[in-house]
There are 2 protein chains.
Amino acid sequence: MAILNASKRHQPNTGLKMTDLFAQANQANNISFGMGLPDETVFPSAALQKAFTQAIAQEGADIFQYHSTQGPASLRQKIAAMTKTYFGLTASAEQVILTQGGQQAIDMVGRAFLDKNDHIVVEGPTYMGALEAFDSYEPTYHEVPVNDDGMDIAHLKQILRQFPDIKFVYTVPDFQNPTGVTMSLAKRKALLALAEEYDFYIIEDSPYRYLRYTGDMVPSIASLDTSGKVILISSFSKILSPALRTGWLIANKQLIALFLDIKSALDVQPSQISLLAIDQFLAENNIDEHIRAVNAVYKDKCATMVHYLETYLPAHVQFTKPEGGFFLWLSLPEAQDAGKLLLGPVLQEANVVYVPSEIQYASRQIKNQLRLNFTYPSHEDIKDGIMRLAQVLKSI
Amino acid sequence: MAILNASKRHQPNTGLKMTDLFAQANQANNISFGMGLPDETVFPSAALQKAFTQAIAQEGADIFQYHSTQGPASLRQKIAAMTKTYFGLTASAEQVILTQGGQQAIDMVGRAFLDKNDHIVVEGPTYMGALEAFDSYEPTYHEVPVNDDGMDIAHLKQILRQFPDIKFVYTVPDFQNPTGVTMSLAKRKALLALAEEYDFYIIEDSPYRYLRYTGDMVPSIASLDTSGKVILISSFSKILSPALRTGWLIANKQLIALFLDIKSALDVQPSQISLLAIDQFLAENNIDEHIRAVNAVYKDKCATMVHYLETYLPAHVQFTKPEGGFFLWLSLPEAQDAGKLLLGPVLQEANVVYVPSEIQYASRQIKNQLRLNFTYPSHEDIKDGIMRLAQVLKSI
């Protein structure tokens, strides 16, 4: 039934819906490679509990009051320092805005720049949450294929020649969600040169960068930017805890006032309680050591999944071997529909959940691929789940 | 300087800006009647600290994981029970969505229903944060004057005859932000009858309803609604703590799936840590007793401000006498501009901050009125500030 007075951006969508998948992922008898969840055993729970208690004790009643839209300066300074370490970017605390997870930062970028039908570029495939956010602003999408070394720059150049008024290019350059691939240095430089030439922003969304298991760090796009074209988004969700709902956006100073107006209209300000608890955690604990410990756990899980995929997958299925992050990517023969397979034999016989490619492409056209998460399931579930999935995939 | 690629909704605004005012409000030598802040002494700080510690201890690592977009059922059940007590509305936990303060719920309503140039009705004056949120969706505003017993229904009927395709009417019916007035029962019924006739939603935004100092409770609009036309928004910000950033939206079941999709695109989900801490607080403490204690403090502050206004204000200035809430409203002679006065003698001689009417009207046309907050300043600051403000207002 149509909803009374609904806006055009929210007309009923008859396609595959994420919420349906997540309901499946939560069924106890299914092994979930679907959602991008951290492993709960890596949360520094005791230290975080102590940080909440200490932050409230230190601040007293004032911590429960309204505070600033941008977030406390002490935490923004620590994030600037982390950004120097992990992104090689020198940014001031004034350039950092705390957001409600990285997702809110993505939405704020849409709101800042997009009028209806404006042109933007996304990777194909890309982070499905970014598509959800941008959909609200009804843009015209252009999709650039992702190769093993990141987005296809030649294809991007073709798009730009035809549509030079691109507002921004959205990319997840490090251990991309969903493919797991990392953009090469040469492509990062080429993308920046195009941003200069065509005057568009690069939205560098990089929540996974801290989580490298093999190979060498590639310079961040933001660290190579000399003209304020890069807006960097990151988050504590994948390295500390997603329930803190704390991400951030780093941009050139001219943009900060605009983003603060947007944040204020969205939800006034972030939670001082959560932010000062994080600040306290970072003051009392070594975040670099914590990240190394997380990496050790995820490196093994990634290796386990790759091992069982190599052992059991039939030859007609290809997959990526990521050097970090949360995900890897399977490509089935072109005639296959991973969504239909999921709702058919994969859920019914293999009891495995993954995310089909259809909802990870802005075009919704490519259906024969799928995303697997390796950080949440146990080693045993990875083994069992991949063996059961491979069994189904052998018969297609 | 124009911002590269900014969307039309975010072109530079040359008028009075809230952020400038808030900077003034934070100057130590000024007495602030500006922002709508609670009194920090009423925060149940020790009980909230204990609730955070207990919630984390009980849940263990799982509290730091991703959870649901809607928020935990146990807290939604408690909110449904509070809604029965304070709003006389029987709603199920399934009809409650937790939001990032009431502000996010307002933004979600805009996103759900508004295409560019769609028609909506707001009160004149209205909550300036709602205007900030709705501005993002570029609606056509219609403004209904607020009388001592709420919005002018005859004026609303005129608007509806001319523009029958109104998407929604946004109202703060209880101790309105900014005027402090409460809508009468007769007007609530008339508004509902019009919603039926013209098929629009009523957005009943009521964060102050719990805070009644004198007089009798008027039935909520939602409790009188028999056809799912009312969307109710409320929050813990004014009764517990704004730093919890926790509000909610209650709507008919058909709308819940739409609002969950919107919430997911905005910021994925709320913070399980904050929500389970609130749930724990509500399980261990009597919220009704707490609200009675808050009311006792604010009732006295309201009386103090009214007393000094009656004693010192010149006869050419009128003001409202609210029965609850956070604010009262002053009307200066029509030729006056409260914004210019503020930036001139009020800040420079009286060292007092208030919010001028200009930014609280969608039309931006009425400039001779202003909002005073009485919950944040001490009794002494109320006395000193009102005497100093009255001195300036005598000379206009």
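1. Leaving aside residues up to four places away in sequence, Val121(B) touches His142(B), Val144(B), Leu156(B), Ile159(B), Ile166(B), Phe168(B), Val169(B) and Tyr170(B). The model is a predicted one, and Val121(B) lies in strand S3 of chain B, which covers residues 119-124. Val121(B) counts as buried because its relative accessibility is 0%, under the 20% cut-off. Between Val121(B) and Gly102(B) there are 19 residues in sequence and 19 Å in space, taken from C-alpha to C-alpha.

2. Gln176(B) sits in the loop that runs between S6 and helix H7 (185-198) of chain B. Is Gln176(B) buried or exposed? With a relative accessible area of 1%, Gln176(B) is buried. The side chain of Gln176(B) comes to 2.8 Å from the backbone oxygen of Pro125(B). Pro125(B) is also among the residues that Gln176(B) touches, together with Glu123(B), Thr126(B), Val146(B) and Val181(B), when residues up to four places away in sequence are not counted.

3. On cysteines, the disulfide count over all chains is 0. Cys302(A) has a relative accessibility of 6% and therefore counts as buried. Cys302(B) has a relative accessible area of 5%, so Cys302(B) is buried as well.

4. Next, the interface. Chain B puts 76 residues into the contact, and chain A puts in 76 residues. The size of an interface is often given as the accessible area lost when the parts come together. For chain B and chain A the buried area is about 6300 Å², with carbon and sulfur atoms giving 52% of it.

5. How many salt bridges are counted between chain B and chain A? The count is 4. In one salt bridge, the side chain of Lys8(B) meets that of Asp115(A) at 3.7 Å, N to O. Polar contacts across the interface of chain B and chain A come to 50 residue pairs, with both residues at pLDDT 80 or more.

6. Which elements give two or more residues to the side of chain B that touches chain A? They are helices H2 (45-59), H4 (101-113), H5 (128-135), H9 (253-267) and H10 (272-284), along with strand S6 (166-171), of chain B. H9(B) gives the most to that side, with 9 residues. By class, the side of chain B that touches chain A is made up of 37 nonpolar, 22 polar and 17 charged residues.

Technical notes. Residues numbered from 1 in each chain as written. Chains lettered and ligands numbered in written order. Predicted model: local features only at pLDDT ≥ 70, side-chain atom pairs only at ≥ 80, totals over all residues. Heavy atoms only, no water. Contact = heavy atoms within 4.5 Å. Buried area = accessible area lost by both parts, 1.4 Å probe. Polar contact = N/O pair within 3.5 Å; in protein donor to acceptor, adjacent residues only side chain to side chain. Helix = DSSP H or I, 4+ residues; strand = E, 2+ residues; numbered from the N terminus. Nonpolar A, V, L, I, M, F, W, Y, C, P; charged D, E, K, R; others polar. Disulfide = S-S within 2.5 Å. Buried < 20%, exposed > 50% of the residue type's maximum accessible area, 1.4 Å probe, protein only.
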